[in-house]
Amino acid sequence: MSKFIVRPNGPLKGKVNISGAKNAALAILPAALMAPGRATLENVPDIEDTQVMVEILKSLGVDINRTGDTLHLDIPDKPETTVPYPLAKTIRASNLLLGALLARCGRAAVPMPGGCDIGARPIDLHLKGFQAMGAEVTLSQGAVVVEAKQLYGAKVYLDFPSVGATENIMMAACFAEGKTTIENAAKEPEIVDLANFLNALGAKVRGAGTDIIRITGMGPLKPVNYSVIPDRIEAGTFMVAAAITCGEIQLTNVISTHLQPLIAKLKEVGVNITDNNGLLTVRGSKYLMPADIKTLPYPGFPTDLQSPMMALLTMAEGTSIIVENIFENRLGLASELKRLGASIKIEGHTAIIQGVSHLTGAKVRALDLRAGAALVLSGLVASGETEVCHAKVIERGYQRLDEKLRSLGADVELVK
Ligand SMILES: CC(=O)N[C@H]1[C@@H](OP(=O)(O)OP(=O)(O)OC[C@H]2O[C@@H](n3ccc(=O)[nH]c3=O)[C@H](O)[C@@H]2O)O[C@H](CO)[C@@H](O)[C@@H]1O
Ligand SMILES: C=C(OP(=O)(O)O)C(=O)O
């Protein structure tokens with residue numbers, strides 16, 4: 001079983017290049033199926049989850065070659081419509097094949113998705129959206145099957161601004177007859193990136209990044225060259241790494257507006273951040289003040305950065321409170337941080353963190369992708385050695401995390 005071995009080695013220093021966004025690439029790759037022909041996607045991170053998505057697309061008949069961060073795709077006229085179970089169960093974003101294939105082929109069969117074990121994660125809102133557009137939804141041998149001879153534009157109100165449901169409905173609506181309106185839509189930058197990609201293919205998606213997205217069904221789309229946005233969660237993880245080690249690092253390939261909720265919180269705890277024409281400099285402070293965080297849909301504080309922030313706040317001078325509002329199991333990290341000497345009390349969806357002056361290395365387990373990364377960050381300052389096992393889950397979403405941290409001076413090893 002792979003593990004990260006981390007020892008403290010002083011403040012991080014240097015420059016790190018941020019990869020393309022996992023969650024944008026994982027939506028754009030299925031969307032590429034909607035336009036037959038040759039497409040090129042740039043800035044696609046080479047991580048476990050995109051590798052699985054590439055395998056899924058290959059199983060549907062897409063020919064794909066990777067050169068560095070660029071993928072060349074040859075999309076067939078008639079893709080297969082059944083996603084194999086071993087691949088679908090591995091990642092959450094496999095559910096996005098539902099919208100893409102339903103739009104393009106009128107049918108999709110996708111086994112229930114996997115992804116981080118951070119809560120119940122139902123897909124009822126996705127299915128309600130498809131049904132509102134006239135699709136029939138059935139469950140057959142553990143797979144969700146959606147079918148429609150013709151989709152029709154509809155008004156869809158989401159009870160919660162779900163990222164995945166917004167993406168799925170947006171894709172399906174591109175081939176529906178008439179106009180679709182998604183109300184209470186998710187506003188994450190990855191939604192905007194998917195909308196930009198669909199529009200580049202020739203679709204008509206308006207309002208992405210606001211509560212209301214309007215899509216006019218357009219029929220045939222044409223493949224394009226497109227570059228995925230930078231990963232705000234990877235960037236945020238490195239920013240917290242600089243803060244926790246009291247280092248000074250520069251980040252390239254970032255969009256700082258996507259990071260505003262984190263930048264505001266880091267400034268609140270005393271970290272210095274400057275943005276010089278897209279080069280983000282983060283300088284840690286010896287004295288870290290406590291802070292309160294509530295995770296919320298964008299532009300609120302992102303749940304995916306809650307774990308790294310919890311690691312940081314264990315070292316602040318005072319009491320911090322984190323309320324996790326998106327995923328019910330995401331505070332499980334606290335029990336692992338406590339093995340390192342952190343003082344955290346969990347009450348329902350709230351973590352009460354009493355800062356400590358030092359952490360001590362121990363064997364811990366990456367419960368999910370971001371919790372795993374957070375433990376690696378704590379290991380950068382915990383005395384002795386921290387062993388983060390179940391590291392494969394970290395590789396789902398970080399491209400060569402060990403190498404990037406080492407390039408900043410960290411003592412980190414990934415043992416496979
Ligand atoms: C591959 C990907 O892009 N993953 C991201 C995506 O996950 P994902 O798309 O799964 O997250 P959602 O925004 O859908 O989930 C948010 C909340 O809505 C609930 N819900 C969702 C759909 C549904 O049909 N019914 C329902 O009740 C979920 O259980 C959760 O409590 O957005 C999350 C929230 O920003 C991020 O943490 C994930 O990194
Ligand atoms: C929860 C995450 O991913 P996924 O939705 O793919 O499980 C994440 O990226 O933190």
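Figure 1. The expected span of a helix is 1.5 Å times one less than its number of residues, and helices (H or I, at least four residues) and strands (E, at least two) are DSSP runs, numbered from the N terminus. This is a predicted model, in which local features need pLDDT of at least 70 and side-chain atom pairs count only at pLDDT 80 or more, whereas totals for chains, interfaces and linings use all residues. Residues are numbered from 1 along each chain as its sequence is written, while chains are lettered from A and ligands numbered from 1 in the order in which they are written. H7 is mostly covered, with 10 of its 13 residues buried; a residue is buried if 20 or more other C-beta atoms lie within 10 Å of its own, exposed if 12 or fewer, and partly exposed in between, with C-beta atoms placed from the backbone. Among the buried residues of H7 are Ile191, Val192, Leu194, Phe197, Leu198 and Leu201, as well as Glu190 and Asp193. Their cover includes helix H1 (22-32), helix H6 (163-173), strand E11 (204-206), strand E13 (225-227) and helix H8 (232-244). Just after H7, glycine 202 takes a positive phi of about 115 degrees.

**Figure 2. The open sheet that contains strand E11.** The order of the 4 strands in this open sheet is E9-E10-E12-E11, and the pairing is mixed; two strands pair if DSSP finds at least two bridges between them. Strand E9 (155-157) and E11 are the edge strands, each pairing on one side only, and the twist averages 15 degrees from one strand to the next. E11 pairs with strand E12 (residues 213-216) in the antiparallel sense over 3 bridges, and threonine 216 in E12 is the bridge partner of lysine 204. Helix H6 lies across E9, strand E10 (179-183), E11 and E12, and runs at about 170 degrees to E10. Axes are lines fitted to C-alpha atoms, for helices over the stretch in contact, and angles run from 0 to 180 degrees between N-to-C directions; two residues are in contact if their C-beta atoms, placed from the backbone, lie within 7 Å.

**Figure 3. The shell of residues around ligand 1.** Ligand 1 is surrounded by 22 residues, of which the closest are Asn23, Leu125, Ser162, Val163 and Gly164; a residue is near a molecule or strand if its C-beta atom, placed from the backbone, lies within 6 Å of it. At least two residues of this shell are supplied by each of H1, helix H5 (124-132) and H6. By class, the shell around ligand 1 divides into 12 nonpolar, 6 polar and 4 charged residues, where Ala, Val, Leu, Ile, Met, Phe, Trp, Tyr, Cys and Pro count as nonpolar, Asp, Glu, Lys and Arg as charged, and the others, Gly among them, as polar.

Figure 4. Strand E4 (residues 63-67) is hardly covered, the count of buried residues among its 5 residues being 0. E4 pairs with strand E5 (residues 70-75) in the antiparallel sense over 5 bridges, and threonine 67 has threonine 70 in E5 as its bridge partner. There are 2 residues between the strands of this hairpin, in which glycine 68 takes a positive phi near 60 degrees.

Figure 5. Tyrosine 298 and proline 299 are joined by a cis peptide bond with omega of about 10 degrees, and proline 299 lies in the loop between strand E17 (292-294) and helix H10 (306-313). Cysteine 246, in the loop between H8 and strand E14 (248-252), has a phi near 55 degrees, a positive value in a residue other than glycine. Cysteine 246 counts as partly exposed because it has 18 C-beta neighbours inside 10 Å. Histidine 390, found in the loop between strand E22 (386-389) and helix H13 (392-395), is not a glycine either, yet has a positive phi of about 65 degrees.

**Figure 6. The open sheet that contains strand E1.** Here 4 strands are ordered E21-E22-E1-E23 in an open sheet with mixed pairing. The edge strands, each pairing on one side only, are strand E21 (363-365) and strand E23 (411-415). Strand E1 (residues 3-7) pairs with E23 in the antiparallel sense over 5 bridges, and valine 6 stands opposite valine 412 in E23.
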